[in-house]
Amino acid sequence: MKPLNQYYKFIPYLYFIAAIAYWFTDVNKQQGISAYPILLFAVPFIWQLFKPSKHLNFTLGIIFVCLSSYMILAYLSDLLKIISFSETVKSFIIVGGLFVFTNFVMSLWMIRNSIKKTF
């Protein structure tokens with residue numbers, strides 16, 4: 001159980017690396033070589049795995065909390081019928097709902113890791 005607790009703090013970074021890898025794979029199928037700049041988004045998360053920094057961790061957490069909050073507001077506006085979306089966008093909203101919620105939770109987890117005394 002002790003080794004599992006050691007690596008518990010790296011779960012958010014591994015999640016974001018997996019999400020970026022999925023995004024890259026999906027775009028690469030459609031657009032080819034122009035998808036490779038997407039891999040640059042994974043660099044800060046890989047950096048956090050090898051050389052953790054509280055400042056970078058807090059910055060990444062705040063950025064992704066803001067982005068996830070923005071997406072949650074889009075869900076609420078759809079739920080309250082403030083903005084009407086097309087059927088294509090609604091199907092994406094249903095599929096992406098779990099992704100946005102998980103992003104929000106992982107971002108909060110990263111902020112929690114940066115606030116803790118030991119990193």
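## Helix H2 against H3

A crossing of two helices is called left-handed if the near helix is turned anticlockwise from the far one by less than a right angle, and right-handed if clockwise. In this predicted model, H2 and H3 cross in the left-handed way.

Look for H2 at residues 11-31: its axis comes within 9 Å of that of H3, and the two cross at roughly 150°. Angles over 145 degrees count as roughly antiparallel, so H2 is roughly antiparallel to H3.

Which residues of H2 and H3 meet? On the H2 side they are Tyr13, Leu14, Phe16, Ile17 and Ile20, and on the H3 side Phe45, Ile46, Gln48 and Leu49. Sorted by class, this contact holds 8 nonpolar residues, 1 polar and no charged.

## Helix H3 against H4

Now follow H3 (residues 43-50) to H4 (residues 54-79): their axes cross at roughly 140° and come within 10 Å. This crossing, too, is left-handed.

Here H3 brings Pro44, Phe45, Trp47 and Gln48, while H4 brings Leu56, Asn57, Leu60 and Phe64. The contact has 6 nonpolar and 2 polar residues, with no charged ones.

## The largest pocket

How much space lies in the largest pocket? The volume is about 860 Å³. Among its 25 lining residues, Ala19, Ile20, Trp23, Phe99 and Asn103 are the closest to the centre.

At least two lining residues come from each of H2, H3, H4 and H5 (87-115). By class, the lining has 20 nonpolar, 4 polar and 1 charged.

How values were computed. Residues are numbered from 1 along each chain as its sequence is written. This is a predicted model: local features need pLDDT of at least 70, side-chain atom pairs count only at pLDDT 80 or more; totals for chains, interfaces and linings use all residues. Side-chain values use heavy atoms; hydrogens and water are left out. Axes are lines fitted to C-alpha atoms, for helices over the stretch in contact, and angles run from 0 to 180 degrees between N-to-C directions. Helices (H or I, at least four residues) and strands (E, at least two) are DSSP runs, numbered from the N terminus. Contact means heavy atoms within 4.5 Å. Ala, Val, Leu, Ile, Met, Phe, Trp, Tyr, Cys and Pro count as nonpolar, Asp, Glu, Lys and Arg as charged, and the others, Gly among them, as polar. Angles under 35 degrees count as roughly parallel, over 145 as roughly antiparallel, 65 to 115 as roughly perpendicular and the rest as oblique. On a 1 Å grid over the protein atoms alone, a cavity is a set of points where a 1.4 Å probe fits but cannot get out, and a pocket is an open set with protein on both sides within 12 Å along at least five of seven lines; lining residues have an atom within 4 Å of a point. Grid points are joined across faces, edges and corners, and a volume is the space filled by probe spheres set on the points.
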